[in-house]
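Trainee: Hi! Could you walk me through this one? I'd like to start with the aromatic residues.

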Amino acid sequence: MSILIRNIGEFFTGDLAQPTAAVRSILISGGRIAILNPPAHECKADTVLDAAGGAVMPGLVDGHVHPVFGEWTPAQDCIGWIGNYLHGGTTTMISAGELHIPGLDYDNLTPELVTSLAVVTAATTGRVRWSGVKLQAGTVLLVPGLTESHFDRLAAAGVKWVKFLFYPFGQDTSEARNYVVWSHARNMRVKVHTGGVSRSGASVVCGYDVLSWLQPDVAAHVSGGPIPMSDEDIDAVVDRTSFALEVCSSGNYRSTHRLVERLMSRRELSRLTLGTDTPGGTGVIPRGMLRNILYIASMCNLTAGQAIAVATGNTARAHGLDVGVLAEGRPADIVVCGSIKGSAGTTLSDAIAHGDLPGITHVIIDGQFVVTERSRQTPPPASRAFFCCCDTGKFEARSV
Ligand SMILES: [Zn+2]
């Protein structure tokens with residue numbers, strides 16, 4: 001199916017180097033962005049969506065979720081959480097570990113158990129696109145005693161991520177260093193819990209001292225999840241390391257401000273990634289990624305385009321994914337939205353600068369409409385996109 005989106009008022013690329021562009025129409029074909037600003041003779045499509053002068057941005061990439069069983073999260077006993085996040089603009093999610101499986105004994109995790117858990121999750125929850133969302137699940141929780149053969153099993157099962165969460169960093173660093181080397185040799189990326197202990201109470205404190213030698217690919221929730229590392233450690237991590245630094249909804253607002261300001265002053269915003277760290281102790285937050293964007297834009301002085309790029313292109317790149325940037329040839333994962341009636345903002349950029357929530361009408365994943373007419377999680381925008389031609393009404397909101 002081909003889609004033409006026309007009459008675009010604001011276009012957000014998801015690329016921090018050039019966050020906005022003068023794109024007024026997009027042609028989507030075969031699930032990908034075929035042409036930006038197609039010439040008149042190319043403006044034929046199966047479906048035409050008039051953006052009504054509103055905004056188009058990449059689908060949001062939540063770099064830190066904790067799935068367990070598909071749409072059910074036992075952490076808050078909620079059903080349908082992935083579909084609800086989709087209506088908050090999230091089209092891709094990366095699991096930071098499936099630790100909320102009921103009955104799991106954090107004090108007795110064995111190499112065999114954590115490997116099996118990741119393999120089973122990759123083959124179940126990670127196999128299906130729940131509500132259409134691209135969920136990467138099956139992230140192994142590293143424990144002492146893993147051998148290289150465990151990593152072989154994980155790689156064969158399609159596991160892409162390893163997570164230091166309950167790992168007891170001690171004096172001997174050789175085992176943890178080996179895990180990083182073995183992961184990278186199998187194209188798996190490494191994330192590490194930072195700050196004070198997690199809700200489980202089972203993780204250990206992790207700040208600059210550990211990060212400096214561990215050298216993960218992404219340091220998770222650097223400003224707290226829920227408890228941040230010290231101010232001195234945040235400064236040292238920004239100044240003396242170069243890996244990606246993640247901010248999550250579960251964190252400390254003051255620490256987030258400090259981190260983002262320091263990254264901006266060093267012109268290193270490209271290291272910043274976002275996630276919700278939910279479902280979990282923070283709850284189920286369908287608009288969590290939007291709230292992250294609003295905070296770093298309205299309180300930390302990023303432009304709307306920069307904040308959106310952090311939540312899309314930056315986060316996708318740090319996790320090795322090809323989504324999050326709207327350019328020709330890229331997957332057509334798209335959110336159509338605008339400022340809400342009564343908002344201080346006249347445009348989406350203006351609304352985000354004021355810290356006002358955007359209203360979403362349509363979400364597209366791989367060239368397929370997965371949200372139509374309006375989001376059930378945001379108020380409608382003042383100016384609403386609509387289907388043109390005789391296709392109006394053809395698309396019903398997909399039930400989840
Ligand atoms: Zn987490």
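Mentor: Happy to! In this predicted model, Phe151, Phe164, Tyr167, Phe169, Tyr179, Trp182 and Trp213 form one aromatic cluster.

Trainee: How many aromatic pairs does a search of the whole structure find?

Mentor: The search finds 14 aromatic pairs. One of them is Phe69 with Trp72, a stacked pair with 5.6 Å centre to centre and 15 degrees between the planes.

Trainee: And how do Phe169 and Trp213 pair?

Mentor: Phe169 and Trp213 are edge-to-face, 6.0 Å centre to centre with 80 degrees between the planes. Phe169 is in the loop between β13 and α4 while Trp213 is in helix α5, so the pair ties together parts 44 residues apart in sequence.

Trainee: Are Phe169 and Trp213 buried or exposed?

Mentor: Both Phe169 and Trp213 are buried. Phe69, by contrast, counts as partly exposed at 39% relative accessibility.

Trainee: New topic! Which residues are the protein donors of the zinc ion?

Mentor: The zinc ion has His64 (NE2), His66 (NE2) and Asp277 (OD) as its protein donors, at 2.0 to 2.2 Å. His64 lies in strand β7 and Asp277 in the loop between β17 and α8, so this pair ties together parts that are 213 residues apart in sequence. His64 and Asp277 are buried as well.

Trainee: Last one: in what order do the strands of the open sheet come?

Mentor: The order of its 5 strands is β4-β3-β1-β5-β21, with mixed pairing. β4 and β21 stand at the edges with a single partner strand each, so one side of each is left without a neighbour in the sheet.

Trainee: What stands opposite Leu49?

Mentor: That's Phe387 in β21. Strands β5 and β21 pair in the antiparallel sense over 2 bridges.

Notes. Residues are numbered from 1 along each chain as its sequence is written. This is a predicted model: local features need pLDDT of at least 70, side-chain atom pairs count only at pLDDT 80 or more; totals for chains, interfaces and linings use all residues. Side-chain values use heavy atoms; hydrogens and water are left out. Two strands pair if DSSP finds at least two bridges between them. Helices (H or I, at least four residues) and strands (E, at least two) are DSSP runs, numbered from the N terminus. Donors are N, O and S atoms within 2.8 Å of the metal (3.2 Å for Na, K and Ca); water is not among the atoms, so sites may look incomplete. Buried means under 20% relative accessible area, exposed over 50%, partly exposed in between (1.4 Å probe, protein chains only). Rings of Phe, Tyr and Trp (its six-membered ring) pair if their centres lie within 6.5 Å; planes under 30 degrees apart count as stacked, over 60 as edge-to-face and the rest as tilted.
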